[in-house]
Amino acid sequence: MKLTPEQAVQLHGFNNLTKSLSFNMYDICYTKTTEERDAYIEYVDEQYNADRLTAILKSVSEIIGANILNIAKQDYIPQGASVTMLVSEGPVAEMDTETFDETPGPLPDSVVMHLDKSHITVHTYPESHPDEGISTFRADIDVSTCGEISPLKALNYLIHSFEPDMMTMDYRVRGFTRDINGRKLFIDHDISSIQNYIPEKDKKLYDMIDVNVYQENIFHTKCKLKAFDLDNYLFGYTKEKLSPEEQASITERLKVEMDEIYYGKNMKRGSIYIK
C-alpha cells in the first residue's frame with residue numbers, strides 16, 4: 001500500500017510506523033609493520049573523531065528534516081568514537097513529492113523531508129589483525145525514524161561522506177498505523193530494494209547482493225568495490241616500493257579479507273584458513 005503526497009489514504013491519528021536504516025561501512029588497509037598499523041589507526045581515528053561524526057549526523061538530520069534536541073558524543077581511548085542524537089519533527093511546511101519516491105536522497109543543500117521523533121547514532125571500530133598485515137576501520141550508523149519519510153533518503157549522503165571500500169545496509173519497517181476505518185497499514189511506501197536509493201553512478205562501482213524478506217518488510221544489501229588498485233590499500237607508500245612477489249601476496253591477503261567481510265564467513269584455501 002502506498003501513500004501519495006496528496007495523502008489519498010487518511011490515517012486515524014498520526015503515522016507511527018518505525019523505519020530503521022543501519023549503514024555499516026568498512027575501510028581496509030595493509031599495514032606491514034606495527035608502526036604502520038599504529039599510524040593508520042591513529043589516522044582514521046582522527047579523520048572520524050567525534051566532532052567530524054557529529055557534523056555528518058547533523059547533515060543527516062537536515063536531509064530528513066529533523067530538529068536536533070540533544071547530542072551526546074565521545075572519543076574513546078585508545079581509539080574509537082560514538083555520537084548519539086535525539087531529534088524531533090523538523091519545521092517543514094509541506095511534503096515534497098520525492099519523499100515517496102524510491103530514489104536516492106539529496107546531498108545536504110536543501111531540506112525537504114519530514115520526521116516525527118527519532119534518533120541517529122554512529123559508532124566507530126578501528127581494528128587490526130593479530131598477525132599484523134591487515135587493518136580495518138568500521139563505522140556503524142543507525143537512523144531510526146517515526147512518521148512519513150524513510151531514513152533511506154540519507155543513504156546517498158552517507159555513501160559520499162565515507163566513500164567506503166565495502167558497505168552493508170539493513171532497512172526495516174516495524175509496527176503499524178491505521179486508516180480512518182481502523183485497517184492496519186504495515187508500510188506506507190513502495191520499496192523493492194535498497195539499491196534503488198543509491199545513484200546509478202555509485203552502483204556501477206560496486207558488486208552488490210540483496211537479501212530481502214518482502215513479506216516482513218526487511219531489506220538487506222551489501223556492496224564491495226569492483227575495481228582494485230593496490231595503491232589505495234597501502235598506508236604511507238606505494239606499490240612501486242614492493243617487489244612483484246610482495247604485491248601479489250598483499251593483494252591476495254586484501255582480497256581475502258574483503259571477501260570474508262562481504263560473504264560473512266572465513267575463506268579457506270585447501271584445508272588451511274588463510275591468515
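Thr34 counts as partly exposed, because its relative accessibility of 27% falls between the 20% under which a residue is buried and the 50% over which a residue is exposed. The model is predicted, and Thr34 lies in it within helix α1. Although 99 residues separate Thr34 from Gly133 in sequence, their C-alpha atoms are 8.7 Å apart in space. The protein chain as a whole holds five helices and 12 strands, and buried residues make up 47% of its 275 residues.

**Contacts along the chain**

- Among the contacts in the protein chain with a separation of 6 or more, 71% are between residues 24 or more positions apart.

**The largest pocket**

- The largest pocket has a volume of about 320 Å³, and of the 20 residues that line it, Asp27, Tyr40, Tyr43, Val44 and Tyr48 are the closest to its centre.
- The elements that contribute two or more residues to this lining are β1 (18-31), α1 (34-47) and α3 (155-162).
- Sorted by class, the lining of the largest pocket comprises 12 nonpolar, four polar and four charged residues.

**Strand β1 and its partners**

- Strand β1 is largely enclosed by the rest of the structure, because 13 of its 14 residues are buried.
- With strand β5 (residues 133-146), β1 pairs in the antiparallel sense over 14 bridges, and Thr18 has Cys146 as its bridge partner in β5.
- With strand β6 (residues 166-174), β1 also pairs in the antiparallel sense, here over nine bridges, and Asn24 stands opposite Thr168 in β6.

**Helix α3 and the residue after it**

- Helix α3 is mostly covered, with seven of its eight residues buried, namely Leu155, Asn156, Tyr157, Leu158, Ile159, Ser161 and Phe162.
- These buried residues of α3 pack against β1, α2 (50-63), β5, β6 and α4 (200-203), a list that includes β1 and both of the strands described above as pairing with β1.
- Glu163 follows α3 and lies in the loop between α3 and β6, where its phi is positive at about 45 degrees although it is not a glycine.
- Glu163 is exposed, because its relative accessible area of 62% is over the 50% cut-off.

**Nonpolar cores**

- The largest nonpolar core has 46 residues, of which Phe23, Ile141, Leu155 and Phe162 touch the most other members, while α2 supplies the largest share of this core, six residues.
- Phe162, leaving aside residues up to four places away in sequence, touches Phe23, Met25, Tyr48, Leu53, Ile56, Ala139 and Ile141.

**Backbone features in loops**

- A cis peptide bond, with omega of about 10 degrees, joins Ile77 and Pro78, and Pro78 has its place in the loop between β2 (66-75) and β3 (81-89).
- Asn217, found in the loop between β9 (206-210) and β10 (218-225), has a phi near 55 degrees, a positive value in a residue other than glycine.
- Asn217 counts as buried, because its relative accessibility of 12% is under the 20% cut-off, whereas Glu163, which likewise has a positive phi, is exposed.

Technical notes
Residues numbered from 1 in each chain as written. Predicted model: local features only at pLDDT ≥ 70, side-chain atom pairs only at ≥ 80, totals over all residues. Heavy atoms only, no water. 1 Å grid on protein atoms, 1.4 Å probe; cavity = no way out; pocket = protein on both sides within 12 Å on 5 of 7 lines; lining within 4 Å. Points joined across faces, edges and corners; volume = space filled by probe spheres on them. Helix = DSSP H or I, 4+ residues; strand = E, 2+ residues; numbered from the N terminus. Nonpolar A, V, L, I, M, F, W, Y, C, P; charged D, E, K, R; others polar. Buried < 20%, exposed > 50% of the residue type's maximum accessible area, 1.4 Å probe, protein only. Pairing = 2+ DSSP bridges. Contact = heavy atoms within 4.5 Å. Core = buried A, V, L, I, M, F, W, Y, C linked by side-chain atoms within 4.5 Å.
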